[in-house]
Amino acid sequence: PITVKKICCIGAGYVGGPTCAVIALKCPNIQVTIVDLNQARIDAWNSDNLPIYEPGLDEVVKTARGKNLFFSTDVDKAIAEADLIFVSVNTPTKKSGVGAGYAADLNFLQRATRRIAEVSTSSKIVVEKSTVPCRTADAMRTILEANSKPGCRFDILSNPEFLAEGTAISDLFAPDRVLIGSLQTESGKDACAALANVYANWVPRDRILTVGLWSSELTKLAANAMLAQRISSVNALSAICEATGANIDEVAFAVGKDSRVGAKFLKASVGFGGSCFQKDILNLVYLSESLHLPEVAKYWKAVVDMNEYQKDRFSRKVVDTLFNTITGKKIAILGWAFKKDTGDTRESPSISICNHFLSEKARVNVYDPQVTEEQIWLDLDETSTNEVDHKQHVSISKSAIEACKDAEAIVICTEWDEFKTLDWAKIYEACPRPAFVFDGRLMLNRAELQQIGFKVVTIGSGDV
Ligand code: NAD
Ligand code: UDX
């Protein structure tokens, strides 16, 4: 196999940025250039204020940047110089046209692929890093081969990314596995070995799995669907717990002790968010339907339906508990990010929950330690139903204490560690009575809060 000396990564987002920064750190002999069309994003990557918040990322970038790690908007130059190109652009759910609401929008991916074909004057290994429907590599190959110059060969690999936001750097340092899919031809296997050698700089060989292209593409959708399915299962059970007096944490813990089930990813919540789970499951649903497998499509769609139900059920529970009306009442939402340790708000349950409260004409006070005020307004602008003027009914606070002042209900939507150690007694002093805490993440000490005087409502347990 060829020895990779120069890598280009197209797309400087949540995946391309951290992944290729870690490759640069772990492979000092490889020059890594991360490119993007978005000038502001590249400027931020080149500044002290990185465009994404991820524990440990600053240090990785500061160590490698300027040595063998570069961020640039000169897409063509980086493509032309590289022997291996990661395509790590966004593949959001289509908003219009055939498959709208389900299928992945592959426009960004195809534009990047065409650019590679147009600019390349030497052979390249092209790696699909973005999450894509099964057999997308085929379309990429056709585009590349139809547009290539004489003497240029393109080998396509699939190398899906399994990092989770908030733990991206530790996931990349010690991945459970690295998956590489290739065609089972000589040159396909050579390309696969070349990429495997890059990862082998820090990942043990037995964790680098090599499979066929289509298996690799499908594995990414399958992994996310199965992870999300566990959350929807536990959230479905949380509704039974609330109705019966069972406790979901106890049930999940005991079920997870069975080594066949395993303990991880069984935390009941307000519902899953993030840019991946819903998008990738809907993608799988669309794929199943296009393959004339309606029962399979229906099975996976239920995972997303249950998630919608959970978000709605939680919002309704707040309204019901506040004696069936929240009109004009002040409600604090603690946490806007879709999970702790990230500033990312894509598909965050907080957005749906806040909109539910707004449609009931509540006054909502939001606090999140990482999400910018600008982003919160953007999320509300994008999802507004125009029933209520959110600019009039929402305010954004600089601290949890400030957000909770005068609130009739405090609603925990994100499991930020700092919410555990808030001065809850002081918060209680500033709340009208009765003062309610709704713990959507099962993270607070219920007995302690009750001792202070709060009425506590927790997802997945019956007794208020
Ligand atoms: P993102 O939106 O943060 O980043 C994508 C970047 O690609 C953007 O900055 C955009 O400007 C750039 N881009 C788009 N078209 C381009 C082009 N033609 N040339 C140059 N740059 C271009 O997206 P992300 O969260 O990093 O996700 C990227 C892919 O990885 C998606 O397919 C996603 O499903 C997948 N993925 C995401 C995660 C995650 O945790 N976010 C995890 C695993 C896989
Ligand atoms: C996910 C996958 O974990 C990762 O492997 C893939 O590469 C991208 O998609 P991410 O969306 O970043 O990663 O975060 P994840 O930790 O999976 O959480 C997703 C959502 O599920 C969050 O809203 C989280 O709060 C929620 N969740 C997670 C639960 O509600 N309960 C759990 O037990 C775990």
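In this predicted model, the chain is divided into domain 1, residues 6–203, and domain 2, residues 244–464. The centres of domain 1 and domain 2, taken over C-alpha atoms, are separated by 33 Å. Domain 1 gives 16 residues to the contact, and domain 2 gives 16 residues. On the side of domain 1 that touches domain 2, there are 10 nonpolar, 4 polar and 2 charged residues.

Strands of a sheet pair through backbone hydrogen bonds, in either a parallel or an antiparallel sense. One open sheet is formed by 8 strands in the order β3-β2-β1-β4-β5-β6-β7-β8, and its pairing is mixed. Its edge strands are β3 (69–72) and β8 (208–212), each of which pairs on one side only. Neighbouring strands of this sheet are turned by 25° against each other on average, with direction ignored.

Within this sheet, strand β6 (residues 154–158) and strand β7 (residues 178–182) run antiparallel and are joined by 2 bridges. Leu157 stands opposite Ser182 in β7. Helix α9 packs on the sheet, where it touches β6, β7 and β8, and the direction of α9 makes about 140° with that of β7.

**The parallel sheet**

A further open sheet is built from 6 strands in the order β11-β10-β9-β12-β13-β14, with parallel pairing. Here the edge strands are β11 (394–396) and β14 (455–458), and each pairs on one side only. From one strand to the next, the twist averages 20°.

Strand β9 (residues 330–334) pairs with strand β12 (residues 409–412) in the parallel sense over 4 bridges. Ile333 has Val411 in β12 as its bridge partner.

The UniProt record, an unreviewed entry, places the feature "domain: UDP-glucose/GDP-mannose dehydrogenase C-terminal" at residues 332–446. Over residues 332–446 the chain is 33% helix and 17% strand, and the end C-alpha atoms are 18 Å apart.

**The two ligands**

The residues around each ligand may be set out by class.

**Backbone details**

Most residues other than glycine have a negative phi, and most peptide bonds are trans. Arg135 is not a glycine, yet it has a positive phi of about 85°. Arg135 is found in the loop between β5 (124–128) and α6 (136–147). Arg433 and Pro434 are joined by a cis peptide bond, with omega of about -5°. Pro434 has its place in the loop between α17 (424–429) and β13 (436–439).

Terms used
Residues numbered from 1 in each chain as written. Chains lettered and ligands numbered in written order. Predicted model: local features only at pLDDT ≥ 70, side-chain atom pairs only at ≥ 80, totals over all residues. Pairing = 2+ DSSP bridges. Axes fitted to C-alpha atoms, helices over the stretch in contact; angles between N-to-C directions. Domains from an automatic or database assignment. Contact = placed C-beta atoms within 7 Å. Nonpolar A, V, L, I, M, F, W, Y, C, P; charged D, E, K, R; others polar. UniProt positions renumbered as here; feature names shortened; annotations may be inferred.
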